[in-house]
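Q: I am new to this structure. Please show me how to read a few of its features.
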Amino acid sequence: MIDRRALLAAPLALAACERFAEAQTPARAVPGLKSITPFPVGTCIKSNQIDDPAWVDLAGKHVSQLTPEWEMKMEYILADGLDRPRFDGPDRIAAFAAERGMRLHGHTLIWYAQGEEAFAHLDRARFTAAFDAYIATVAGRYRGKVVSWDVVNEPITDAGDGLRDCHWSRALGQDGYIIRAFERARAADPDAVLFLNDYNLENTPRKGATFLKLVERLMKAGAPIGGIGSQAHLDIEIPAGQIRTFIRNAASLGLPIHISELDASLRSDRRVDLRSREQRLAQQTGRVGELVEAFMALPASQRFAFTVWGLRDTDSWLRQGERDDGQDQPLPFDAGGRPNPMFDAMVAGFTKRA
Ligand code: G3I
């Protein structure tokens, strides 16, 4: 009679052995990603990572651009209320980027997911004034420190059938809040490249198409939109070709493109995942390779930057809290900073002769 506990314990024991073996493997010599690309390679940053020498060394070797992962958002800046903005976290990140000669991409001014509580109970006039003042204050504070902003984040519904209904659209109109945000950001910072940013644009073709129709509408309306941000939180089970098709369609608008938040989880939303680890890694490197190849095929003027949403697997939002299964490898490096197969797929794509 096989003991069920032994059966359940076996994979965990195997994973622990794998991790122990990994820890004994010296990191192999690899090129710095930023040294093999003609465009900036970026990663997200939390201010407490500045106190992690291993993270600072890895970031210094591989990236030349940083995106605050959460501290330049309303959830941080307005944590104490609309009238008491706090900037210690984003200021520290901006100073670190400047000291290291790294570009800073601002993320994000207006997002459907944040700000509702801070802006609640304001009548239309005060809401509009507070909306304008927030953008003027934040984009004005980092003028000359950021090269770009995600002015509006995630405006399209998950189904891709239209624009999200949110506190911003209810107060200022669906295209209205977006156009106003871009206009106020341009007024606060005449030089920053202003992006519209969203996710699942490759994974869900209908969403990608709706997003690009919005960008076209904004351009026709004269909004100062300067770039397209595709987050690229890749679903590695999508068919080959979908990523290439979206990037090509996006490129036809003529704007710079920022791959703004790449990660590629090995996990599946399906309850029972029958794929082997090797199969999942092959899917991951296949889709990441397709994304890199599509980005490399863009004209140089449209390759704004290529940003991964974290460097080490354990830095990923996908490895925090209840999401963490202890085994996901969504990023280029493992917990010890050793290259994953995803890193090799990126290097192969970045160095492939045209
Ligand atoms: O670190 C603090 C901790 O000190 C504090 O006690 C705790 C209190 O809630 O907050 C912790 O900060 C958390 C932060 O991540 C750092 O881990 C915030 O609560 C949490 O809200 C924040 O989540 C971020 C999330 O956006 C919401 O801002 C994730 O890190 C970040 O990866 C995620 O990134 C988003 C992009 O902005 C937009 N695209 C999707 C992407 C993934 O969801």
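Q: How far does a polar side-chain atom of Lys-73 lie from an oxygen atom of the ligand?

A: This is a predicted model, in which local features need pLDDT of at least 70 and side-chain atom pairs pLDDT 80 or more, while totals for chains, interfaces and linings use all residues. Residues are numbered from 1 along each chain as its sequence is written, and side-chain values use heavy atoms, without hydrogens and water. A polar contact here is a pair of N or O atoms within 3.5 Å. For Lys-73, the distance to the ligand oxygen is 2.5 Å. Glu-261 has a polar side-chain atom 2.7 Å from a nitrogen atom of the ligand.

Q: Which residues that surround the ligand are the closest?

A: A residue counts as near if one of its heavy atoms lies within 4 Å. The ligand is surrounded by 15 residues, and the closest are Glu-69, Lys-73, Glu-75, His-107 and Glu-261.

Q: How many salt bridges does a search of the whole structure find?

A: Side chains of opposite charge can pair when their charged atoms come close. With a salt bridge taken as a side-chain nitrogen of Lys or Arg within 4 Å of a carboxyl oxygen of Asp or Glu, the search finds 19. One of them joins Asp-344 and Arg-28, whose closest N and O atoms are 2.7 Å apart.

Q: Why does this pair tie together parts that are apart in sequence?

A: Helices (DSSP runs of H or I, at least four residues) and strands (E, at least two) are numbered from the N terminus. Asp-344 is in helix 12 (residues 341-351) and Arg-28 is in the loop between helix 1 (4-24) and strand 1 (41-45), so the pair links parts 316 residues apart in sequence.

Methods:
Polar contact = N/O pair within 3.5 Å; in protein donor to acceptor, adjacent residues only side chain to side chain.
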